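Notes follow in the order I looked things up.

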Amino acid sequence: MSTNTDLVAQKDQGKNISKQLPVIAPEVDVFENDQEILLQADMPGVLKEDIVINIDNGKMVLSGIRRLESVGADTWKEFGEVEFRRNFSVPQSIDTNQVNAEFKDGQLCLHLPKSEAAKPRQIEIKAG
Amino acid sequence: MELKKLAPWNWFKKEEEHAHAVPVQHAEKPQGVPGGHTPPMLQLHRDIDNLFGQFFAGWGMPRLGNWEGLSTDALLKPKVDLSGADNQYQLTVEIPGVEEKDISVDVRQNTMTIRGEKRQEKEEKEKNHYRIERSYGAFQRILSLPEDVDQDSIKAAFKNGVLTITMPRKALPASEVKQVAITSE
């Protein structure tokens with residue numbers, strides 16, 4: 001099975017992947033206006049350094065690993081350590097060089113500005 | 001052997017009682033069918049779910065079907081993790097996108113209540129939205145604290161959308177042991 005080969009391949013890669021974390025998709029809100037597309041994702045407990053955003057060929061991969069420090073034995077677990085990962089399609093109208101992101105209180109705000117050519121404009125008609 | 005000692009402490013005893021309490025009926029919110037009566041089959045479903053929920057609660061199992069979630073005025077229940085060591089308990093709550101000042105934690109009569117509200121930012125109002133997956137509104141979790149929590153030294157920290165509450169454990173006064181003398185005759 002494909003999952004098995006994945007596991008083997010990752011073991012060979014090195015020690016930075018200590019154990020397989022459950023992967024969950026972060027909940028997102030997506031807004032759009034004339035200037036940009038705004039994506040907000042909830043990734044509580046993830047450190048800023050552990051968030052990776054890759055845009056390549058119209059596909060965006062958003063991922064973040066949550067590591068938690070717990071004391072003693074777990075008595076109750078509703079969330080735990082996870083990897084947040086989700087794929088998005090990025091429209092061509094987005095200027096990928098201008099994409100920027102902020103992370104605050106476990107909430108990622110990703111601004112995807114539209115390229116100049118894609119912004120709506122009104123064309124004035126000159127009187128001939 | 002006392003069976004009660006084997007079962008782990010139920011941190012959610014109060015919360016379950018709260019959930020099972022008879023909800024206050026609002027005049028403008030009819031439940032189920034007009035007239036305020038719950039259909040008998042739905043009532044039966046609820047009863048069975050509650051029965052199973054209560055049965056499994058002591059074994060650290062998640063609750064089964066949650067009918068309260070269906071009502072519109074239900075409070076959000078952020079996820080919690082609990083862990084315990086010899087000297088302290090640690091509780092972590094997942095509250096992304098909320099500011100520190102919007103969270104309140106209080107302890108009253110061995111019950112800890114964590115509540116607050118997640119607000120949607122105003123500036124987005126004029127924008128078109130594609131999808132809204134995140135939930136907004138008031139949230140609350142209620143926890144019953146075990147006897148050995150030192151309630152005066154509970155500490156809470158909020159970082160990256162996760163609230164961490166540490167509860168130091170104190171030594172309980174040992175119950176008196178009486179030696180019974182056995183006389184041989």
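Entry 1: I am working from a predicted model. I began with polar contacts between chain A and chain B and got 21 residue pairs, both residues at pLDDT 80 or more. Next I asked which elements of chain A give two or more residues to the side touching chain B: they are β2 (28-32), β3 (36-42), β6 (73-77) and β8 (100-104). By type, that side of chain A has 16 nonpolar, nine polar and 13 charged residues.

**Entry 2: extent.** I counted 38 residues of chain A in contact with 43 residues of chain B. The two chains bury about 3300 Å² between them, and 49% of that is on carbon and sulfur atoms. On the chain A side, Trp76(A), Phe79(A) and Asp105(A) supply 22% of the area buried against chain B, more than any other three residues.

Entry 3: I checked what β6(A) pairs with in chain B. Four bridges join β6(A) to β1(B), residues 80-84, and the two strands run antiparallel. Trp76(A) has Leu82(B) as its bridge partner there.

**Entry 4: chain A by itself.** Of its 128 residues, 36% are buried. Among chain A contacts with a separation of 6 or more, 51% are between residues 24 or more positions apart.

**Entry 5: salt bridges between the chains.** I looked up Arg134(B) with Asp42(A), whose side chains meet at 2.6 Å, N to O. Arg134(B) lies in the loop between β5 (128-132) and β6 (137-144) of chain B and Asp42(A) in strand β3 of chain A, so this pair joins two chains. Buried or exposed, I wondered, for Arg134(B) and Asp42(A)? Both are buried. The pair also belongs to a salt-bridge network with Asp29(A) and Lys118(B).

**Entry 6: Glu15(B) and its partners.** Glu15(B) forms a salt bridge with Lys77(B), with the closest N and O atoms 3.7 Å apart. Glu15(B) is in helix α2 (residues 13-20) and Lys77(B) in the loop between α3 (40-57) and β1 of chain B, 62 residues apart. Glu15(B) is buried at 10% relative accessible area, while Lys77(B) is partly exposed at 43%. Glu15(B) also meets Arg141(B) in a salt bridge, 2.9 Å from N to O. Arg141(B) sits in strand β6 of chain B and Glu15(B) in helix α2, so the pair ties together parts 126 residues apart in sequence. Arg141(B) counts as buried, at 4% relative accessibility.

Note on methods. Residues numbered from 1 in each chain as written. Chains lettered and ligands numbered in written order. Predicted model: local features only at pLDDT ≥ 70, side-chain atom pairs only at ≥ 80, totals over all residues. Heavy atoms only, no water. Contact = heavy atoms within 4.5 Å. Buried area = accessible area lost by both parts, 1.4 Å probe. Polar contact = N/O pair within 3.5 Å; in protein donor to acceptor, adjacent residues only side chain to side chain. Nonpolar A, V, L, I, M, F, W, Y, C, P; charged D, E, K, R; others polar. Pairing = 2+ DSSP bridges. Buried < 20%, exposed > 50% of the residue type's maximum accessible area, 1.4 Å probe, protein only. Salt bridge = Lys/Arg side-chain N within 4 Å of Asp/Glu carboxyl O.
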